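This report covers a pocket, a sheet with its packed helices, and one further helix. The sequence and structure come first.

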Amino acid sequence: YMKGLSHVAMGQFYEGIKAQTKVMLNDPLPGQKASPEYLKVKYLREYSRYLHAHLDTPLSEYNTDIDLPGNFKDHWAKNLPFLIENYEEQPGLQPHIKDVLFQNFESYKPDVQELICVADHLGSMMQYETPGFLPNKRIHRAMGLATLEVMQAVQRTWANSKVRMNGKTRLMQWRDMFDIAVKWRRIADPDQPVLWLDQMPARSLSRGFNNHINLIRGQVINMRYLEYFEKILHFIKDRILVYHGANNPKGLLEVREALEKVHKVEDLLPIMKFNSKTRDGFTVNTKVPSLKDQGKEYDGFTITITGDKVGNILFSVETQTTEERTQLYHAEIDALYKDLTAKGKILILSAELGEVDAVCNLILSLVYYFYNLMPLSKGSSVIAYSVIMGALMASGKEVSGKIPKGKANINFFISILLHFQLVDFEAMTAPGSEAFSKIARSWMNLKSISPSYKSLPSVSETFPTLRTMIEVLNTDSSHCIKKTIVVV
């Protein structure tokens, strides 16, 4: 499976699909549980065929979310067995479409070489430095290029230029901005379905699409999230006090004293017994305040704790994306993007500090709602961060703060935000977009952008097809380290 995936990621589709087919032929024996690779491989093979067919089609002329069948996307995103009624397979590999050839770094023009090296530098800023998380330089380059392309696209939009999407030229919307990062994230790792949830079949949306993460399940602790337990625990304790204040005021003092002794999630189990309704467990829901309609709140995410003893506990978080919830968030993001575009156009004409601050806050507020919506099946975190970096650079500011080590409160936000597959709990537990913007700006250490960025070639014009994108992700750039690219 990994051999097939690696070949496809590098554009070697013939070898990749050959390996994938071997996995498909390895049927489980009667009574034997199918392996995760066996369950996933048909999705990968179908997606590989789709990618191969579009290798040389301009990226602006097709749309993966629209092209792939709805039930295929729904089953793939939910990691379900490939049992799709009336599914019509993607066409097999076409002989006239050749595999991607290796591209030497030296074969690129000097300005493109610099573009690649700058992208590597920007992508490295996204690495979460903690034991167990190794750098993925392919993802770094992809998201660094996404950052630069977002910057260039936003600058063009503020200068009244239009974008070409699906064969049509029009003004850029907020989704187009995120789609730039989505396309790079998709091609960097074709194993994962990075799909817009609101483009799923209507039946799937009406039921709600759950983004579920187990933090503790029985004896199993999800080590990836271990450093974040304390932050979530403080949030839960605050909500328990609010709940008992409203429903059990007489017992509030006893609950408060008990909560003072709570230092880990398991310590919450006795607290459940203070109220008959929470004896077997409880859920804590977050609310997201609206900027557009003061006093209005949207559903955030849900934390659930059940169990009766240590070793028999389920501690999980879940975001439910329904059609109604999505529409509410979209209206909020639409309003922020409209305001951002208007202020961005003013900023192009006037570089006053107040205008820059207003634009920065709007960018962070917009992404705050994006995080709480969680509109993608995978990759929301690094995609949103690329948009933050790129849009800030369009406003004349760049992030210079490197992710610090440790796990102070502020580091909690950084680590969640910058690790590629983690939900941004800080954005989701922040009391509002203003608080999110404040804590983000406190560590980002924004500084004026280097004039050298203006001389970089257009990312979208330099890499206009899937083939050119894969080529640049494959090329070696080890000498970027040897020759220093100065970005000051």
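Which helices and strands each supply at least two residues of the lining of the second largest pocket?

## The second largest pocket

The model is predicted. In it, the elements that each supply at least two lining residues to the second largest pocket are α3 (36-53), α4 (64-67), α7 (137-158), β1 (163-165), α8 (174-188), α19 (459-462) and α20 (466-474). The largest contribution is that of α8, which gives six residues.

The volume of this pocket is about 720 Å³. Its lining counts 33 residues, and those nearest the centre are L59, S60, E149, M165 and K183.

## The five-stranded sheet

Five strands form an open sheet with antiparallel pairing, in the order β4-β3-β7-β6-β5. The edges are β4 (220-221) and β5 (281-289); each has a single partner strand, so one side of each lacks a neighbour in the sheet. Helix α10 packs on the sheet and touches β3 (209-217), β4, β5, β6 and β7 (313-321). The direction of α10 makes about 95° with that of β5.

## Strand pairing and the hairpin

Strands of a sheet pair through backbone hydrogen bonds, in a parallel or an antiparallel sense. Between β5 and β6 (residues 297-307) the pairing is antiparallel and extends over eight bridges. V284 has I303 in β6 as its bridge partner, and F282 stands opposite I305 in β6.

The pairing of β6 with β7 is also antiparallel, over six bridges. Here T302 stands opposite E318 in β7. Five residues lie between the strands in the hairpin of β6 and β7, where G311 takes a positive phi near 95°.

## Helix α11

Which residues of α11 are buried? In this helix (residues 252-260), L252, V255, A258 and L259 are buried. These residues lie on the same side of α11 because they cover an arc of only 125° around the axis. The cover over the buried residues of α11 includes α10 (229-247) and α12 (269-272).

On the other side of α11, L253 and E260 are exposed.

Note on methods. Residues are numbered from 1 along each chain as its sequence is written. This is a predicted model: local features need pLDDT of at least 70, side-chain atom pairs count only at pLDDT 80 or more; totals for chains, interfaces and linings use all residues. Side-chain values use heavy atoms; hydrogens and water are left out. Buried means under 20% relative accessible area, exposed over 50%, partly exposed in between (1.4 Å probe, protein chains only). Helices (H or I, at least four residues) and strands (E, at least two) are DSSP runs, numbered from the N terminus. The arc is that of the directions from the helix axis to the C-beta atoms. Contact means heavy atoms within 4.5 Å. Two strands pair if DSSP finds at least two bridges between them. Axes are lines fitted to C-alpha atoms, for helices over the stretch in contact, and angles run from 0 to 180 degrees between N-to-C directions. On a 1 Å grid over the protein atoms alone, a cavity is a set of points where a 1.4 Å probe fits but cannot get out, and a pocket is an open set with protein on both sides within 12 Å along at least five of seven lines; lining residues have an atom within 4 Å of a point. Grid points are joined across faces, edges and corners, and a volume is the space filled by probe spheres set on the points.
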